[in-house]
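Please open the model in your viewer and keep the selection tool at hand. The tour below goes from one selection to the next and says what can be found at each.

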Amino acid sequence: MYHHFVPVKLHGKANALITDLKALTEAPTACPYCQHHDLYVIHSSSGYYRCKACKRSFNRSLNTPFYRLARLEWLPVIAERRLCGQSYATIRHELTDSTAWLIKRRGQVIEQYMQSHYPDLYQWYQTQQASSETDVPKAVKEQVEQLKSWVNNILQTTQATCPHCESHKTQKVADGRAQFRCKSCWRYFSQLKGTGLEHLAHSENWLKMIDMFVAGKSYQQMEHILTMSPATISKAKRNWLSIVQQQNLLVLKEWLTSR
Ligand SMILES: [Zn+2]
Ligand SMILES: [Zn+2]
């Protein structure tokens, strides 16, 4: 997923970084002291091995900045999420039995490693960190526009087919909620049904709300502008996430999840 956020010219560096981190959890091919290939596994999940030739034991992360860090399998996950702009707090939700501190500690070591091995990527990453509130990646902006035009179309539609009798003789009865009445069977229906939007109140705020979620505004900031309670805003965010998923706007979903 980080390919949507990292500029194309840095994809190679980002891939290389992730590959390096994944390699830390794979079995070593040679002893780091004598280069012999016959190795015993002492403890595979923590990466401890012993050389059959020189009898020395070593950790898989020997000679790397990750030496003796537990849970090496977290490193590529943390790096990928950080490249997508996610906060340590968000990453913690995905990695069970971790703490924000453990994640942050590993994140800092990954940053050091990135700085010394992939300076171009590190430079971009630093700039992203500094401007993550205002700089929305192009791939995200495109999906925001798709979502907003879809919402606009539904809200502004004046033509609808009755879902009960399939008559086209229908009349819009409420602005903003896409409510219709059929002139043949006289039943009411909503164009929002089945879109996920029917669960959301305050349609006058929808477009503004999308922009504010994308910009990473806090619920407190939104509360003042939208005059909605933080609980309602939080519920609305969950609804928007499932709508975005349903619309297959996965880059946007990834972005919103990290805000
Ligand atoms: Zn050896
Ligand atoms: Zn009808």
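What follows is a tour of a predicted model, taken helix by helix.

Begin by selecting helix H1, residues 11-23, together with helix H2, residues 74-83, whose axes come within 8 Å and cross at roughly 160°. An angle over 145° counts as roughly antiparallel, and H1 and H2 are therefore roughly antiparallel to each other. To see where they touch, show the side chains of Ala14, Leu17, Ile18, Leu21 and Lys22 in H1, and those of Leu75, Pro76, Ala79, Glu80 and Leu83 in H2. The residues of this contact between H1 and H2 divide into eight nonpolar and two charged, with no polar ones.

Next, select helix H9, residues 230-246, and look at it from end to end: at 1.5 Å a residue its 17 residues should span 24 Å, and its end C-alpha atoms are 24 Å apart, which agrees. Colour Ile233, Ala236, Trp240, Ile243 and Val244, the buried residues of H9, and then turn the view to look down the helix axis, where they fall within an arc of 95° and so line one face of the helix. These buried residues pack against helices H6 (138-156), H7 (206-215), H8 and H10 (250-257). On the other side of H9, the exposed residues are Ala231, Arg238, Ser242 and Gln246.

Methods. Residues are numbered from 1 along each chain as its sequence is written. Chains are lettered from A and ligands numbered from 1 in the order in which they are written. This is a predicted model: local features need pLDDT of at least 70, side-chain atom pairs count only at pLDDT 80 or more; totals for chains, interfaces and linings use all residues. Axes are lines fitted to C-alpha atoms, for helices over the stretch in contact, and angles run from 0 to 180 degrees between N-to-C directions. Helices (H or I, at least four residues) and strands (E, at least two) are DSSP runs, numbered from the N terminus. Angles under 35 degrees count as roughly parallel, over 145 as roughly antiparallel, 65 to 115 as roughly perpendicular and the rest as oblique. Two residues are in contact if their C-beta atoms, placed from the backbone, lie within 7 Å. Ala, Val, Leu, Ile, Met, Phe, Trp, Tyr, Cys and Pro count as nonpolar, Asp, Glu, Lys and Arg as charged, and the others, Gly among them, as polar. The expected span of a helix is 1.5 Å times one less than its number of residues. A residue is buried if 20 or more other C-beta atoms lie within 10 Å of its own, exposed if 12 or fewer, and partly exposed in between; C-beta atoms are placed from the backbone. The arc is that of the directions from the helix axis to the C-beta atoms.
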